[in-house]
Amino acid sequence: MRIPWRELTLAGTVALSLGAMTQVRAEVESQDPIKLTLHDWTGQLITTNIMAEVLKKAGYNVELVQADYLAQFAGLKTGDLHVAMEMWETTGRDAMDEATATGKVENIGETGMVAIEDWWYPLYMKERCPGLPDWQALNDCAEEFSTPETAPNGRYLGGPVTWGGFDDERVEALEMDFEVVHAGTDAALFAELESAYQRQAPIVLWIYQPHWAPAKYEGEFVEFPAYSAECYNDPAWGSNPSMAYDCGKPRGPIWKVAWSGVRDKWPGAHAIIDSFRVNNDEMGAMVGAVDLDGESLDAVVGQWMSDNEERWQGWIQ
Amino acid sequence: MIHGRLDAGLYRWLWLCLLLITLVLSNTSRSMARALDARWLIKYPGAWRVDMKSGISRFMQWLIDDASLGPVAFSQLTRGIAWIIEQPYQLVLGFLSSGLVTGQGSNAVQHLPPVSWLAVIVAVAVLGHYARNLWLALLVGVAFSYLAVFGQWDSAMVTLASIIIAVPFGVIVGLLLGIGMYRHAWFDRLLSPLLDLMQTIPVFAYLVPILVLFGFGPVSALIATIIYAMPPMVRVTALSLRGVDPETRELGIMTGCTSHQLLWRVLIPVARPGLMVGVNQVIMLSLNMVIIASMIGAGGLGYDVLTSLRQLKIGLGIETGVAIVVLAVALDRLSQALSERSDAVLIGRGGRSLWRQYPRLTLVLLTLVCGWLLGYGIPALRDYPPQWQVSTGLFWEELVRTINVNYFDELEVIKTHILTLFMLPIKRFLLGIPWPWGLLMITLLALRFAGWRLALMSLLLSVFILVNGLWEDAMTTLYLCGVSVIIACLLGIPLGIFAALNKPLGRAVSVFIDTLQTLPSFVYLIPVVMLFRVGDFTAMIAVVLYALAPAVRYAMYGVQRVEPQLIEAGIVSGCNAWQLLMRIRLPLASPQILLGINQTIMLALSMLVITALVGTRDLGQEVYVALTKADTGRGIVAGLSVAFIAIIADRMISASARRAQRRYSLGGDSSR
């Protein structure tokens, strides 16, 4: 396509000189945009949009940038990006620790949401496998969950290897008749769940919360012996005296992280981000409203803003 | 003569014996290692590893923090380059998508809205008419209308903006590098391995360094795109220039051309059909990168594909994926038509005489200005109204559901058979070979095909993989890619040949492979996972679908470009259709077919990261893990290992191809 460059540049110059005259609000420390990152799951989009709205109300200039969950750290370290609103203890800990160790990225505390993740099955499996959600009952009908590749063992679909979670160790420590198969991404994880759910076929897999899946599909988390730090560190603890990991998984907070320069450049915004808190229930409801009821994200965020005015006014103070 | 034949027979026996030994070793290595108490035979001991990862990580750290060229820090230099690339990009983006704005973030003020969707559609249709005829105008017009009707307009314009910058850049630089390779043998030798590296090191491996050096945003995405999409252009340029008939070249010299004139006035116009294959590849591969580009801030259609599939909105994912395909096909057809029409030699200058074509230009300018002016009063002109949008999302979801619910068991049977009879034996065989024997065999094979030079190089590259503790991952990679390449070639090459002999079929096949190559693999990966579960089989399907395209395309191109006189000569001397194919077309097309196989291998390896997304434990996984742990060194080491496998495979294939050619005494024009 032939583009009239010269004319355009001219128009651009005129536009620029016009723009310089427009007034900006000046009561905050800097009018440079604070860049918040958007990832590819709804909960995070909601969290980030709420944060952006609150910052705007406080007079800050914000910009939302699409970035990959893990690749964003490169941008956060150099100050190309500024704030990431959801860094999960369970999936982002390594990358976060590596980044904060450089001193260029800062952990600004919890969001108030807690990540739950464990083995999960659809509710229709309860008929075929009485005694669920107890893990021993699950083990007793391991064969129900088997596929040609894993028979006679059951097949457990774990998260990507990068998520950690010690499922291979758990299966060994609890002497379960299951084989752990790792999905490469969570998209693959939920694709398998969708497929099995359509056919009402047996499946047990790694599910995490807050997420739309537990709202869309009826099911329950398997109950393992409750997690404790000793269980992971001390082999003697629990049913297997010679191995650790003979219990369920820990539940971890979801963190906010930011470029270290945010504190100096926008101290007020830093304080607001620091105060930001939401909880699992309200987030679950909002995610459901967007993903299941088909409401627009802006509407849901707007609703939250008007319902919780006192709360976010408190963060700004 | 008798002596030679004896020798060949002896060789054959020797190789058969070696193969048998390998088979036996692979089957017994585990028990043997246990009996000898020598576990190191099957698993390279951790203590013998060489720590290259942290060295590379430290080097990158130094490059970013301390390196400088005189007073300018290295990272400042790269940031400067990024700034220069960003300016034209922002202008195009403003024009197409965001409007001309000043200020940043939520304070930005828009001075001029982006071009109306109607104006863009009219403009591309007019361009199509100018370049060829009404049919092309209709094709691109419909293609761009699809983007509006299916609600992809805004994202598509963001993607288009980055393509408009990346493609000409990749084509021109690729062309110049290709000419350099054609003119200077030393440049060829220098660049050839670099091209392999550019194409085969998975993008994820160098994503983090690029992000740090060039900043987080569309520019990094553009640079990654160019790195990935340019190599085919370079290769094809060199190949096509070498393929020019020597008589044509001599004619040029005899008429007194300077070397500059010879190149630009004679060789390049003659080689144009080949060059256009390269342009096609640059466009296709650039659009192929949109998913990864969207992960680092490019936004656009790629981001929509990722988001919709993470929410399991398969239908929406397919529609967005098809939008990428539609964009690719429209751009490709336009560029092909423009190159045929243009009088100027340089590709990309096709539109120069547009100004002289007043009627069309006036039409475009009119819709442009009207779109802008009327847009203030009629919002439908500025943004395509949502209530006019159409979606087929539900249809696709229902389709997948129907197949899933009704045919899952049948599919499972097929899958289990292919796995147990074909794939798993190969996997067990490759993973069972003890590494010292593996090293020996690779070296011997290289020695047999291409002499001691390649043997030495193969040995060194394999040792690199070994000492980094990646032997098993590499074998899994070899298995997965090998199986996929075999299947892709078995399907693709015959398809390409038939497509070349049959015009209507050729057109259909052309659209089909364009679709395969530009439809983001993520789009079909998720339905495939639903039907076949996570595992090797799913990964294999994804790799085959992606790597099929070059096998088909190059075979087709190779058969088509056989000179008609030779075919006629064949007919005159009484060949039937089969003989024409086997005796004339295929041998003459063999350099292109082999280049196709080479490209199939390269693409299969470049898909590795995607196979990691469905959970295979190979080098792709290693690269992906490194990315998630922000471990630059680990990523680059794994990425290099992928590239080394590619290089060894490529060199062996090229060498054996040259031998085969000599045997059929074709000689002369070699494939690389």
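Guide: A crossing of two helices is left-handed if the near helix is turned anticlockwise from the far one by less than a right angle, and right-handed if clockwise. This is a predicted model, in which local features need pLDDT of at least 70 and side-chain atom pairs count only at pLDDT 80 or more, while totals for chains, interfaces and linings use all residues. Residues are numbered from 1 along each chain as its sequence is written, with chains lettered from A and ligands numbered from 1 in the order in which they are written.

Visitor: What is the crossing of α22(B) and α27(B), left-handed or right-handed?

Guide: The crossing of α22(B) and α27(B) is right-handed. Helices here are DSSP runs (H or I, at least four residues), and strands are runs of E with at least two.

Visitor: Why is α22(B) called oblique to α27(B)?

Guide: Helix α22 (residues 471–501) of chain B packs against helix α27 (residues 577–606) of chain B at about 140°, the axes being 10 Å apart. Angles under 35 degrees count as roughly parallel, over 145 as roughly antiparallel, 65 to 115 as roughly perpendicular, and the rest as oblique. An angle of about 140° falls in the rest, so α22(B) is oblique to α27(B).

Visitor: Which residues make the contact of α22(B) and α27(B)?

Guide: Among them are C481(B) and I493(B) of α22(B), and I593(B) and L605(B) of α27(B). Contact means that C-beta atoms, placed from the backbone, lie within 7 Å. The residues of this contact are 10 nonpolar, two polar and no charged. Nonpolar covers Ala, Val, Leu, Ile, Met, Phe, Trp, Tyr, Cys and Pro; charged covers Asp, Glu, Lys and Arg; the others, Gly among them, are polar.

Visitor: Why is G99(B) called partly exposed?

Guide: G99(B) has 18 other C-beta atoms within 10 Å. A residue is buried at 20 or more, exposed at 12 or fewer, and partly exposed in between. The count of 18 lies in between, so G99(B) is partly exposed. G99(B) sits in the loop between α3 (74–98) and β3 (100–102) of chain B. Not counting residues up to four places away in sequence, G99(B) touches G94(B), Q110(B), L112(B), P113(B) and P114(B).

Visitor: How many residues of chain B are in contact with chain A?

Guide: 55 residues of chain B are in contact with 58 residues of chain A. On the chain B side, 31 are nonpolar, 20 polar and four charged.

Visitor: What does the domain assignment of chain A give?

Guide: The assignment, automatic or from a database, gives domain 1 (27–113 + 253–316) and domain 2 (115–233). Their centres, taken over C-alpha atoms, are 31 Å apart.

Definitions and conventions
Two residues are in contact if their C-beta atoms, placed from the backbone, lie within 7 Å. Axes are lines fitted to C-alpha atoms, for helices over the stretch in contact, and angles run from 0 to 180 degrees between N-to-C directions.
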